[in-house]
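Hello,

Here is the structure I said I would pass on. Please open it first, then read my notes below.

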Amino acid sequence: MINSLLGATELGLLYAFMALGVYITFRILDFPDLTVDGSFTTGGAIAAVMITHGYSPWLSTLAALAGGMAAGMCTGLLHTKGKINGLLSGILMMIALYSINLRIMGKPNVSLMGENTLFTSINPLLVMPFAVLLLKVLMDLFLRTDLGLALRATGDNARMIRSFGVNTDNTTILGISLANGLVALSGALVTQYSTFADSSMGIGMIVIGLASVIIGEAIFGTGSVFRATLAVVLGSIVYRIVVALALRVEWLDASDLKLITAIIVIVALVFPSVQRFMKLKSTARKRTAELAEQALKRKKGGSLDVKAR
């Protein structure tokens, strides 16, 4: 049980990079980017191929980051310069990346067994918390810069920020590029952790990323940028722990992972609505009780006045 939770925590930290990337497009830019399913595999494919060809794991990971940013830039260009719907732009790039990833790997999967990776001599549970925390802090600082504020304003009100002379096309492309770069970085790390890359490893990543974001926001709140990014990181860990616990149920198999993910997302989406409904119901009950008490007091007061007369 403990080993299962530790493994889930390690995976949660590795997928936290991807969750932060999804947070940029989903929450900051309000952009439905499905490129994630392809760019995650792109990161893993680039890292796996470079490592098997003798390149340094560090250089391979940075190359994966660059590959993801290039994929995100293409999606941004399709949307902003090609005037293609945002959702369709992501779908088109995701489809294109499937063939591109196969070209990169040369075959459906690449094994890293026996190869030197970032985690060959490093325990992920000892290093990844500091790496994720560093990225989170850098992301918080960036979102407080003028460029970061312009990025956030583009998602909130693009028309308003354009009136201040900001090129929203450039900020959109930048945001989508950064997001997919983080997603590809996560794919490279997961590939080195699991010692293999597969052409289908990115399927459903957008749902997992959204689950992490929504769960984190539902549990930890989003009062500020610092709190929101922290909630995303913790949400990624919580999601992996929930999945690990769910898979320990006897009648659930590993093949049910996508179903479990969908159920978790549905619960996370419905939970805030249920909370608001219960709060409104509780407030209504209190208000009804107060009105009834006031009515009773007025009735008693009227009875006393009649007796006095």
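Ser199 is buried, since its relative accessible area is 11%. Its place is the loop between β2 (196–198) and α9. Bear in mind that this is a predicted model. Beyond its neighbours within four places in sequence, Ser199 is in contact with Thr41, Tyr98, Leu102, Met105 and Pro108. Val274 is another matter: Ser199 and Val274 are 75 residues apart in sequence, and their C-alpha atoms are 39 Å apart in space.

Thr117 is also in a loop, the one between β1 (109–111) and α5. Thr117 has a relative accessible area of 8%, so it counts as buried. Ile51, Pro57, Leu112 and Gln192 touch Thr117, with residues up to four places away in sequence left out.

Ser89 sits in helix α4. Its relative accessible area is 0%, so Ser89 is buried. With neighbours within four places in sequence set aside, Ser89 is in contact with Thr75, Leu78, His79 and Ile84.

Now Lys83, in the loop between α3 and α4. Is Lys83 buried or exposed? Lys83 is exposed, because its relative accessible area of 65% is over the 50% cut-off.

**Helix pairs**

Two packed helices are described by the angle between their axes and the distance between those axes.

*α3 with α4.* Helix α3 (residues 57–80) packs against α4 at an angle of about 140°, and the axes are 9 Å apart. That angle makes α3 oblique to α4. The crossing of α3 and α4 is right-handed. From α3, the residues are Ala71, Cys74, Thr75, Leu78 and His79; they meet Gly86, Ser89, Gly90, Met93 and Leu97 of α4. By class, this contact of α3 with α4 has five nonpolar residues, five polar and no charged. Ser89, described above as buried, is one of the α4 residues here.

*α2 with α4.* The axes of α2 and helix α4 (residues 86–105) come within 9 Å and cross at roughly 10°. The two helices are therefore roughly parallel to each other. On the α2 side, the contact is made by Asp37, Gly38, Ser39, Thr41, Thr42, Ala45, Ile46 and Val49. On the α4 side, Met94, Leu97, Asn101, Ile104 and Met105 take part. The classes in this contact of α2 with α4 are seven nonpolar, five polar and one charged.

*α5 with α10.* How are α5 and α10 oriented to each other? Helix α5 (residues 124–143) and helix α10 (residues 225–246) pack at an angle of about 150°, with axes 10 Å apart. α5 and α10 are therefore roughly antiparallel. α5 passes α10 in a right-handed crossing. Val132, Lys136, Met139, Asp140 and Leu143 of α5 make the contact with Val225, Phe226, Thr229, Leu230 and Val233 of α10. This contact of α5 with α10 has seven nonpolar, one polar and two charged residues.

**Nonpolar cores**

In soluble globular proteins, nonpolar side chains tend to be buried together. The largest nonpolar core here has 60 residues. Met18, Phe40, Met128 and Leu189 have the most contacts inside it. The elements giving two or more residues to this core are α1 (2–28), α2 (36–52), α5, α8 (168–194), α9 (205–220), α10 and α11 (257–308). The largest share, 12 residues, comes from α1.

With residues up to four places away in sequence not counted, Met128 touches Leu13, Leu14, Phe17, Phe119 and Leu189. Another core, of five residues, lies apart from the largest one; among its members are Ile46, Ala47, Met50 and Ala188.

**Backbone points to check**

Most residues other than glycine have a negative phi.

- Lys83 has a positive phi of about 55° and is not a glycine.
- Thr195 has a positive phi too, near 60°, and is other than glycine.

Thr195 lies in the loop between α8 and β2. Thr195 counts as partly exposed, because its relative accessibility is 24%.

Best wishes

Technical notes: Residues numbered from 1 in each chain as written. Predicted model: local features only at pLDDT ≥ 70, side-chain atom pairs only at ≥ 80, totals over all residues. Heavy atoms only, no water. Axes fitted to C-alpha atoms, helices over the stretch in contact; angles between N-to-C directions. Helix = DSSP H or I, 4+ residues; strand = E, 2+ residues; numbered from the N terminus. Parallel < 35°, antiparallel > 145°, perpendicular 65-115°, else oblique. Left-handed = near helix turned anticlockwise from the far one by under 90°. Contact = heavy atoms within 4.5 Å. Nonpolar A, V, L, I, M, F, W, Y, C, P; charged D, E, K, R; others polar. Core = buried A, V, L, I, M, F, W, Y, C linked by side-chain atoms within 4.5 Å. Buried < 20%, exposed > 50% of the residue type's maximum accessible area, 1.4 Å probe, protein only.
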